[in-house]
Amino acid sequence: MQISTKLPKVGTTIFTVMSQLALEHKAVNLGQGFPDFPVPERLIEALDRAMREGKNQYAPMTGIPALRQAIAAKTQRCYGRSVDADSEITVASGASEAIFDAVLAVVRPGEEVIVLDPCYDCYEPAIDLAGGRAVHVPLDPDDFSVDWQRVKDAITPRTRMLMINTPHNPSGAMLSEADMRALADILRDTAIILLSDEVYEHIVFDGRRHESVLRYPELAERSFVVSSFGKTYHCTGWKIGYCIAPPALSAEFRKVHQYNTFCSFAPAQWAFAEMIEQAPEHYETLGDFYQAKRDRFREQLGSTRLKPLTVPGGYFQLVDYSAISDLDDAAFCRWLTIEKGVTAIPLSPFYETAPAGQRLARLCFAKNESTLDAAIERLQRV
């Protein structure tokens with residue numbers, strides 16, 4: 001049987017490929033973005049309690065009320081925005097599902113969605129499956145800032161959505177208040193919907209403030225804002241995220257969500273509701289926790305020939321490897337894994353067209369000190 005693929009540009013994701021390569025060659029895996037340290041014990045206990053209390057059946061399609069109410073309270077506490085737990089918050093099976101649902105809910109065949117390159121690899125496939133077309137606007141290749149004039153110039157009568165990501169994966173760059181004001185100016189008097197991927201919202205450094213779309217009423221009123229518990233609570237395998245959107249957008253989002261996953265792992269929802277309400281200090285101090293890791297890892301990289309770039313947020317460190325090799329990034333990351341025993345992620349899969357001559361790789365520092373030490377020991381010999 002011959003199949004005409006709906007996703008001709010898609011193969012196995014670079015994260016799966018590099019993690020498998022790391023396993024085959026017993027490399028220290030700093031590629032895929034998952035912590036190798038424990039989930040908070042309090043969260044584990046809450047999950048265990050929920051399962052033992054019999055909370056193991058289907059959750060409501062929109063998420064259990066206790067969790068939606070906890071998210072609403074946290075949103076008010078963090079960003080000063082009051083959202084309705086019943087009509088504006090939907091729990092999803094991870095941020096990737098929420099992004100997929102949002103795109104499928106509003107993008108029609110022939111419409112355009114602006115994405116900022118480099119961007120996370122699930123964005124364009126969702127757009128393609130909706131019958132839309134991704135319009136790629138490159139970020140600055142040095143500091144990954146946005147040229148808002150280029151974004152404005154990319155808007156056409158067919159533009160349906162604009163997708164942003166802050167803190168940014170893969171670079172860690174963050175949008176500023178000035179960026180958000182510029183974005184509001186561009187979108188004003190248009191019908192363009194904004195999708196804001198904010199999964200690293202609590203992992204920000206050096207006293208910076210996360211400029212959530214939710215802080216800006218003019219933007220929030222036209223936005224899907226997506227976040228993830230996996231990044232905040234070190235449990236990426238639980239696959240629980242959520243989307244905050246105005247009632248009209250949430251209603252369309254839920255039409256897709258209910259026929260995609262319908263609901264998400266119920267015991268974890270009860271555990272997160274308890275954790276958010278009773279231990280806010282966890283997300284409030286998460287930036288300090290990861291900043292210590294970033295600073296230590298950056299200092300260690302000084303003993304290698306890799307040059308670390310500035311990282312304002314998130315848990316990835318970009319490194320310039322041009323002092324080591326002229327290989328393209330995919331070939332370099334394979335070589336580094338196979339020959340030197342450390343796995344990184346190349347940047348080119350995050351682009352439609354990567355900048356010529358760019359020699360950057362992404363390392364994840366959301367790891368135990370022993371893991372990072374083992375990686376540094378090998379990198380010192382490169």
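**Ground rules**

I'm working on a predicted model, where local features need pLDDT of at least 70, side-chain atom pairs count only at pLDDT 80 or more, and totals for chains, interfaces and linings use all residues. Residues are numbered from 1 along each chain as its sequence is written, and side-chain values use heavy atoms, with hydrogens and water left out.

**Salt bridges**

I noted 20 salt bridges in the structure, each a side-chain nitrogen of Lys or Arg within 4 Å of a carboxyl oxygen of Asp or Glu. Side chains of opposite charge can pair when their charged atoms come close.

Back to arginine 294: its side chain meets that of aspartate 295 in a salt bridge, 2.8 Å from N to O. Aspartate 295 is partly exposed at 34%. I also wrote down a network, in which salt bridges with shared partners join Glu112, Arg133 and Arg158.

Next I checked helix α2 (residues 41–52), which holds both aspartate 48 and arginine 52, 4 residues apart, about one turn of the helix. For the record, helices (H or I, at least four residues) and strands (E, at least two) are DSSP runs numbered from the N terminus. The two side chains form a salt bridge at 2.9 Å, N to O. Aspartate 48 is partly exposed at 31%, while arginine 52 is exposed at 70%.

I then looked at arginine 188, which pairs with aspartate 185, their closest N and O atoms being 2.9 Å apart. Arginine 188 comes out partly exposed at 37%, and aspartate 185 is partly exposed at 48%.

**Largest pocket**

The largest pocket holds about 1,100 Å³ of space. Its lining has 44 residues, and the closest to the centre are Thr13, Phe15, Tyr120, Asp121 and Cys122. A pocket here, on a 1 Å grid over the protein atoms alone, is an open set of points where a 1.4 Å probe fits, with protein on both sides within 12 Å along at least five of seven lines; lining residues have an atom within 4 Å of a point. Volume is the space filled by probe spheres set on the points.

Which helix gives the most to this lining? I found α5, with 5 residues. At least two residues each come from α1 (14–24), α4 (95–106), α5 (123–129) and α9 (229–232). By class I have 21 nonpolar, 13 polar and 10 charged.

**Second largest pocket**

This pocket has about 380 Å³ of space. I see 27 lining residues, with Asp143, Phe144, Ser145, Ala173 and Met174 nearest the centre. Strands β3 (112–117) and β5 (159–165) are the elements that give two or more residues, and β5 has the largest share with 3.

**Threonine 232**

I ended on helix α9, where threonine 232 lies. Threonine 232 is buried at 5%. Its side chain reaches the backbone oxygen of serine 228 at 3.5 Å. Leaving aside neighbours within four places in sequence, I find threonine 232 in contact (heavy atoms within 4.5 Å) with His202, His282, Tyr283 and Leu286.

Terms used:
Nonpolar A, V, L, I, M, F, W, Y, C, P; charged D, E, K, R; others polar. Buried < 20%, exposed > 50% of the residue type's maximum accessible area, 1.4 Å probe, protein only. Polar contact = N/O pair within 3.5 Å; in protein donor to acceptor, adjacent residues only side chain to side chain.
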